[in-house]
Amino acid sequence: MPELVMQSQGKEAWSNKNWYDKRDSLELRLSFFLILGAGLGTIFCNWMGEEAKASLAALEQSYGAAALMGELDFGGLFMTVLWERAGTLCLGFLISLTSISGVLFSAAAVYLGFSTAVFVSAMTMSTGIFAIFRYAGFIFPQCLFYVPVLYFLWIWLPGQGVPLKARDVIFLAAMTFLGVLAESFVNPWLAAFL
């Protein structure tokens, strides 16, 4: 009899552990909203008029052309990117402290998917199928730092149910700073060759 009780408790614990994990739920929800945003961005680009599409394609090409011609002020670019990413990180910290962080991070996932789809669509207008490789060049190597920051802040911390601590803030700020360095001083050279 005790063996049957232990077996049933073991099965129940196994099924609860494998079928419901808060982190898996967060990943699924954020993935859904990211894909939703990407779909909306793609639809938006397809509904644009020809003049707007041409403007979008020209805007996308200007970044690579400026880097290729050596017109970028890398120090100025660093300060601009640093302020933008620091502001985004601080906003992420504030959102994580609210009681509706899940809703706000879901909205951020829609925005991220939408903006990425618009950017890739603009690249596709000028380079066709090779746009995906160009896009990879535009987000590398800074994505190696920014993606872990997003995962830690949007999924890992809420999934573990732990509050944001000082060591977490220092870690996320350091990773973001490394991403800013990569985005400002390494990425323009890579993007110029694509």
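Guide: One thing to spot is an aromatic cluster made of F74, F78, F177, F185 and W189. Rings of Phe, Tyr and Trp (its six-membered ring) pair if their centres lie within 6.5 Å; planes under 30 degrees apart count as stacked, over 60 as edge-to-face and the rest as tilted.

Visitor: Before we go on, what kind of model is this?
Guide: It's a predicted model: local features need pLDDT of at least 70, side-chain atom pairs count only at pLDDT 80 or more, and totals for chains, interfaces and linings use all residues. Residues are numbered from 1 along each chain as its sequence is written, and side-chain values use heavy atoms, with hydrogens and water left out.

Visitor: OK, how many aromatic pairs are there by that rule?
Guide: The count comes to 12 aromatic pairs. Take F119 and Y135: their ring centres are 6.0 Å apart and their planes are at 65 degrees, so that pair is edge-to-face.

Visitor: Where do F119 and Y135 lie?
Guide: F119 is in helix α5 (residues 101-127) and Y135 is in helix α6 (residues 131-139), so the pair ties together parts that are 16 residues apart in sequence. Helices (H or I, at least four residues) and strands (E, at least two) are DSSP runs, numbered from the N terminus.

Visitor: Is Y135 buried or exposed?
Guide: Y135 is buried, with a relative accessible area of 17%, while F119 is partly exposed at 28%. Buried means under 20% relative accessible area, exposed over 50%, partly exposed in between (1.4 Å probe, protein chains only).

Visitor: How do α7 and α8 pack?
Guide: They pack at an angle of about 150 degrees, with their axes 7 Å apart. Axes are lines fitted to C-alpha atoms, for helices over the stretch in contact, and angles run from 0 to 180 degrees between N-to-C directions. So α7 and α8 are roughly antiparallel to each other. For the wording, angles under 35 degrees count as roughly parallel, over 145 as roughly antiparallel, 65 to 115 as roughly perpendicular and the rest as oblique.

Visitor: Which residues in α7 meet α8?
Guide: Among them are L144, F145 and F152 in α7, and the α8 side includes L172, M175 and V180. Contact means heavy atoms within 4.5 Å.

Visitor: And what about α4 with α7?
Guide: Helix α4 (residues 74-96) packs with α7 at an angle of about 15 degrees, with their axes 11 Å apart. That makes α4 roughly parallel to α7. The residues that meet include V81, R85 and L89 in α4, and Y146, V149 and L153 in α7.

Visitor: Changing topic, what does S101 touch?
Guide: S101 touches I95 and S96, not counting residues up to four places away in sequence. S101 lies in helix α5 and is buried, with a relative accessible area of 16%.

Visitor: Last one: how many helices and strands does the protein have?
Guide: Eight helices and zero strands. Of its 194 residues, 30% count as buried.
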